[in-house]
Amino acid sequence: MIKLEPRGERSSTMAYLSPVLAAVLTMLTGLVVFTLLGVDPVEALITILYVPISDTHGLAELCVKTAPILLCAIGLSVAFKAKIWNIGAEGQLLMGGLFGSYIALQLIEAEGFWVLPLVLIAGALGGMVWSGIAAILKVRFNTNEILTTIMMNYIALNVLLWAVHGPLKDPEGYNFPESALFGESALLPILIDNTRVHFGMALALFAVVAVWVLMSRSFYGFQIKVMGMDAGAARLSGFKEKRLAYFALLLSGGLAGLAGVGEVAGPIGQLIPQISPGYGYAAIIVAFLGRLHPVGILLASLLMALLYMGGEMAQISLGLPLALTGMFQGMLLFYLLACDVLISFRIRLKPKKITPTPPSILASDTQG
Amino acid sequence: MKQNPPPPRLTLRGISKQYPGCLANDDIHLDIAPAEIHALLGENGAGKSTLMKVIYGLVKPDRGELLWDGLPIEVKDPAHARKMGIGMVFQHFSLFETLTVTENIALALGDDAGELEPLAEKIRTVSEKYGMAINPEREIHTLSVGERQRVEIVRCLVQNIKLLILDEPTSVLTPQEVDTLFVTLRQLAHEGCSILFISHKLNEVKALCHKATVLRSGRVSGECIPADEDTTSMAKLMVGDDTPVSTTYPKKLGNSPLLSVHDLNLNSPDPFGVQLKHINLTVNAGEIVGIAGVAGNGQEELLASLSGEQRCKDNKTITFADTPVGKLSPDKRREWGLAFVPEERLGRGAVPEMSLTENALLTGFLTGLVQNGMVAWKKAEAFADDIIAQYKVKTPSRQAQADSLSGGNLQKFIIGREIMQNPRILIAAHPTWGVDIGAATAIHKALINLRDQGAAILVVSEDIDELFLISDRIGAICDGALSPIKPTPESSIPELGRMMAGDFNPAREERVTP
């Protein structure tokens, strides 16, 4: 018989082991699924997890995919630490892409070093506007941010589609739903020659360091953590709850917006309807898989980026459906939540023992 | 066949219960005879709660057996316990505020409740018979805490009851209500019902109980006939020989007001909260003012107004010395020199999952632990170490999580953290609630020291003995109104009890406190 038994205190070993265990269990389940699909499971795993990064080109592409996920996830980690459940990184990313594109298209002929910063700031602002709406609704009207941010995702997607089919459509684009290509000055510089690794990755790594300093060294970060763990204590110490909530939501929205503008001004180079294959949603999984810790999030976003690439690879070379990526993401989160139970509980394997019943109890049973 | 004396109503033999990291009950033996009022004495954490949960079927013991009327039995769950005739009144009531007395009792009884009409009639009969008048039609939120307790007791009595377990029943009652309760309990026992009375208040045990079993750290440390013992000898059984059990402190009166409240009125945002009415209060430098009161009479609201969690409409309603602070936020009040020890140690006083260092920073951030927005962790660590050393906090290190500390140790840490910031005003809610006698004495001494250094201290507590021990002036809060505050030597326990019940007329003078 398997029994869950409270540990009494949280196991910190298990807290770090749980994401690893979740990853391993996901792989094992993957093996089973591949076998059932009639694919050689080992070959499939190699195709998904190794082939995409088996050469320098692959590694470079990994960085390209990691950048937006990392930016979204590191921002979300701040909100999640404050127990503010921003599920809207996807929408904030899209709005970042849209705002950035608008500025880039206005400045399509412009040249100069100032164009790109303007585009990036517009992108960050786009994300902040979107998360800011949820923040106002939460702080002023006490709405549940989980619901509002999810709903705002769909609004963002439709606003983006409207823009790309309407005002921002390239007049010379043969009526395709695409904007014109951005000017050279609005594009993110390439960091490594002959690859698509762009400045967005540097921004993402900088954001990781900045958030790490914020959360572990600054008093503001400390207040955010206290508010998340124990709102009563934060109130009693006079921490400004509303201000902290605005800050956490605006920061995560701004970084998601930056991720969005990084895509349109980076590898894509124009505004198209599909600027994100769900990076904003994947970032939620990444944030938790990385234990809301900057280093963990960096590792988890690399893994998530690999899953995106592996899914495409499996589609190309094995003919497996692209939904595989989503399935792996889902399993990862599922196993992570399951394994997290082990942080506070331990598994006791008990032989189903027959309790030796004292004769006295038998006696009372017959009488009762 | 020889005629045996009747077997005990309940016998416990060698009950042991291990929790992770804590042996809550260790080989406990206990006999309760029919019609006996038996005290289970012990400090918080001695294992009383676990033991009664074992009896009530809420917890399965690891070892040992229960005998009911001489026959071994396994109590499967509380429903089974109720069928056997065991009733239990918990310290924290489980009543639905918006339902009536009858509906609540019907819910608790489940299938045995029957129709509401006859049940209401039965409730009326039973409550009248035992002198605990309650109206079955009233909704719970209109009842005082004492009345709610009656509902819980009546709930047990409408069934055929053979053993009534009461967990710290007097902690929510005024002294007068305690006397009434005792009359009821004696009548019940007289009719043959056994009563297990769980308490740590020695005077009450001595006044009420026929026998007492004393627990200390999960074991039976002694048994006695309370009437034959004095309270000191029973206290020694409870806490061991090495802890001093009582002291007295000289009383002082100050004359320069540091904390003043002028006509504070407040409508609580909580629909079941208490409205504060015309509260006027002054605490002078160098004195401790104690406010007694039954829980839920406006203490929370008053404390929130003083801490700044609840702002006043008028800035002048609360003044620190001559500075109006009514509209200031908690951190601004702290900047002025306020320190605050909240009632909930985990969850407001300390963040459970944070280390002691982080918890030192939680309110100590104004004492140079933050520079240019960055936390000076080395200084925060040093501050935490200082608190741990000076207040003898038992912990493996400053890295330990707050929730890994025992209640008493964490309270010492919180009190230490507040006092070491050299506050000019300290407000402490229930400073020794659930704390063992040793830690309570240390906390009292720390408060007295701070007073002698010239701070103004306000203590809000339900423990009247504590308030008489440390307060220089004393009063009570009832239904959101504050009684006149009197110098402690001029007050008395009966007078304070009347004030806790809302009778603020100081004219009648009874006997003086011993």
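A: Let's begin with the second largest cavity, whose lining is made by Arg82(B), Gly85(B), Ile86(B), Gly87(B), Cys156(B), Gln159(B), Asn160(B) and Ile161(B). Keep in mind that you are looking at a predicted model. The space in this second largest cavity comes to about 30 Å³. Sorted by class, its lining has three nonpolar, four polar and one charged residues.

How many cavities of 30 Å³ or more does the structure hold? There are two. The largest cavity has a volume of about 40 Å³. Its lining brings in both chains: Leu236(A) is joined there by Ser307(B), Pro330(B), Arg334(B), Leu338(B) and Phe340(B). Of these lining residues, four are nonpolar, one is polar and one is charged. Two elements of chain B, helix 10 (330–336) and strand 16 (338–341), each give at least two residues to this lining.

In general, strands of a sheet pair through backbone hydrogen bonds, either parallel or antiparallel. Strand 16 of chain B runs parallel to strand 19 (residues 425–429) of chain B, and four bridges join the two. Within this pairing, Phe340(B) stands opposite Ile427(B) of strand 19. Phe340(B) is also one of the residues lining the largest cavity.

For an antiparallel example, turn to another sheet of chain B. Four strands form this open sheet in the order 12-11-14-15. Strand 12 (276–284) and strand 15 (323–324) stand at its edges with a single partner strand each, so one side of each has no neighbour in the sheet. Strand 14 (residues 318–320) and strand 15 of chain B run antiparallel and are joined by two bridges. Here Thr319(B) stands opposite Pro324(B) of strand 15.

Now for the nonpolar cores. The largest nonpolar core has 206 residues, and Leu164(B), Leu185(B) and Phe197(B) have the most contacts inside it. Take Leu185(B) as an example: leaving aside neighbours within four places in sequence, Leu185(B) is in contact with Ile37(B), Leu164(B), Leu166(B), Ile195(B), Phe197(B) and Leu208(B). A second, separate core has 31 residues, among them Leu281(B), Ile318(B), Phe320(B) and Val325(B).

Finally, compare the cavities with an open space. The second largest pocket has a volume of about 1,800 Å³. What lines this pocket, and which residues lie nearest its centre? There are 37 lining residues, and Arg10(A), Lys81(A), Met229(A), Glu353(B) and Gln401(B) lie nearest the centre. By class, the pocket lining divides into 16 nonpolar, ten polar and eleven charged residues. Helices from both chains each supply at least two of the lining residues, including helix 1 (12–36) and helix 13 (323–344) of chain A as well as helix 11 (356–369) and helix 12 (377–390) of chain B.

Key:
Residues are numbered from 1 along each chain as its sequence is written. Chains are lettered from A and ligands numbered from 1 in the order in which they are written. This is a predicted model: local features need pLDDT of at least 70, side-chain atom pairs count only at pLDDT 80 or more; totals for chains, interfaces and linings use all residues. Side-chain values use heavy atoms; hydrogens and water are left out. On a 1 Å grid over the protein atoms alone, a cavity is a set of points where a 1.4 Å probe fits but cannot get out, and a pocket is an open set with protein on both sides within 12 Å along at least five of seven lines; lining residues have an atom within 4 Å of a point. Grid points are joined across faces, edges and corners, and a volume is the space filled by probe spheres set on the points. Ala, Val, Leu, Ile, Met, Phe, Trp, Tyr, Cys and Pro count as nonpolar, Asp, Glu, Lys and Arg as charged, and the others, Gly among them, as polar. A nonpolar core is a set of buried Ala, Val, Leu, Ile, Met, Phe, Trp, Tyr and Cys residues joined through side-chain atoms within 4.5 Å. Buried means under 20% relative accessible area, exposed over 50%, partly exposed in between (1.4 Å probe, protein chains only). Contact means heavy atoms within 4.5 Å. Two strands pair if DSSP finds at least two bridges between them.
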